[in-house]
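I opened a new page for this structure.

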Amino acid sequence: MVGSVHTGVISAFRRKKRGALPLCLFATSLGMLVTAFVAPAPALDAPRTAARAESQPLPMFKDPRAALRAGLESYHAGDAATSIAALRYAAEGGEPLAKWKLGRMYAEGDGVVRDDAKAYEYFAQIVDHYADDEPDPRERSMAASAFVAVGIYLRDGVPSGKIKPDLDRAFDLFRYAATYFSNADAQYNLARMYLEGIGVKKNVRQGVNWLELAARKGHPQAQAMLGRMMFTGEASGEPERARGLMFLTLARDAAGGATRDQWIADLHAEALNSASDADRSAAVTMLEGYLRERN
């Protein structure tokens, strides 16, 4: 299903004109991308460093690439003020990874005061560029995450930035990232729009197809939704209790007990309690086979 629409989706998306901010993006090195995706060191004295980060003057660097390197090093050292200043310099010089990192920091309130409007602005610049230009293979994951972030912001709106929900645009962004980048988060969010009929005509079959693609990439939320739908029969019209329980078990284990994913544990417990001994036994056998195939 995905392969048949892949080229059309990309071409249609790239033909659309967007009013994003101007930027000039340059490819970043593999080493820098690896550094950027490493879990951050905790910020020291968060409230005061966040305030300093907002007012820190931009220092001078040899070039934007040097600023990017300095910003990432300061970030992982817990120096948010220096990191923000350097990353801003790099972003203004056209470094896409700096824009992505700033977007993440503002979206999560990581070393700065949370500001969804600023996060949206940085992510939107990345989306505007990569909607027209082929990303370097080392930048695909970064670009895809920016598409998903902007899609979520446009689906829900950004009151602080006076940005109203735009469901059509959100759908396009999710569909583009789901097909072109094969991004699991995009596939999951696209599935939800189909399943809930938000921004698109409700289509359970399409939703389940996208859920399954994301689930097979190890996306716990997709696994949980797919598992519940299979268990109850919503996915195909007939309950697939053992298969559904298998995906719910995968989702519970992948979620790892995170508070925000408590709903996954609840769905698993509910299915497990109502499953028969035969369902549970078959689910274990399926799970063993599934894990063997992936290993």
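Is R241 buried, partly exposed or exposed? I looked it up in the model, which is predicted. R241 has a relative accessible area of 29%, so I put it down as partly exposed.

**Entry 1: the partner of R241.** I checked what R241 pairs with. D279 makes a salt bridge with R241, and their closest N and O atoms are 2.9 Å apart. This pair ties together distant parts of the chain, 38 residues apart. D279 sits in helix α15 (residues 277–294), and R241 sits in helix α13 (residues 241–255). I then looked up how covered D279 is. Its relative accessible area is 15%. Buried means under 20%, so D279 counts as buried.

**Entry 2: other salt bridges.** I noted the total: the structure holds 13 salt bridges. I picked out two further pairs. The side chains of D253 and R252 form one, at 3.0 Å from N to O. R252 has a relative accessible area of 35%, so R252 is partly exposed. I also saw a network: salt bridges with shared partners join E212, R216 and R243. Within this group, E212 and R216 meet at 3.6 Å, N to O. E212 has 21% relative accessibility, so I logged E212 as partly exposed. R216 is partly exposed too, at 35% relative accessibility.

**Entry 3: one alanine.** Where does A170 lie? I found A170 in helix α9 (residues 167–180). Its relative accessibility is 0%, so A170 is buried. Which residues does A170 touch, leaving out those up to four places away in sequence? I listed G151, L154, R155 and M193. For G151 I also noted the spacing. A170 and G151 are 19 residues apart in sequence, and their C-alpha atoms are 4.3 Å apart in space.

**Entry 4: the nonpolar cores.** I began with a general point: in soluble globular proteins, nonpolar side chains tend to be buried together. Then I turned to this model. The largest nonpolar core has 71 residues. F123, F147, V150, F181, L211 and F247 touch the most other members. Helix α8 (residues 140–156) gives the largest share of this core, 10 residues. Leaving out residues up to four places away in sequence, F247 touches A215, Q223, L226, G227, M230 and Y290. I also recorded a second, separate core of 11 residues. L245, A255, L267 and A271 are among its members.

Conventions. Residues are numbered from 1 along each chain as its sequence is written. This is a predicted model: local features need pLDDT of at least 70, side-chain atom pairs count only at pLDDT 80 or more; totals for chains, interfaces and linings use all residues. Side-chain values use heavy atoms; hydrogens and water are left out. A salt bridge is a side-chain nitrogen of Lys or Arg within 4 Å of a carboxyl oxygen of Asp or Glu. Buried means under 20% relative accessible area, exposed over 50%, partly exposed in between (1.4 Å probe, protein chains only). Helices (H or I, at least four residues) and strands (E, at least two) are DSSP runs, numbered from the N terminus. Contact means heavy atoms within 4.5 Å. A nonpolar core is a set of buried Ala, Val, Leu, Ile, Met, Phe, Trp, Tyr and Cys residues joined through side-chain atoms within 4.5 Å.
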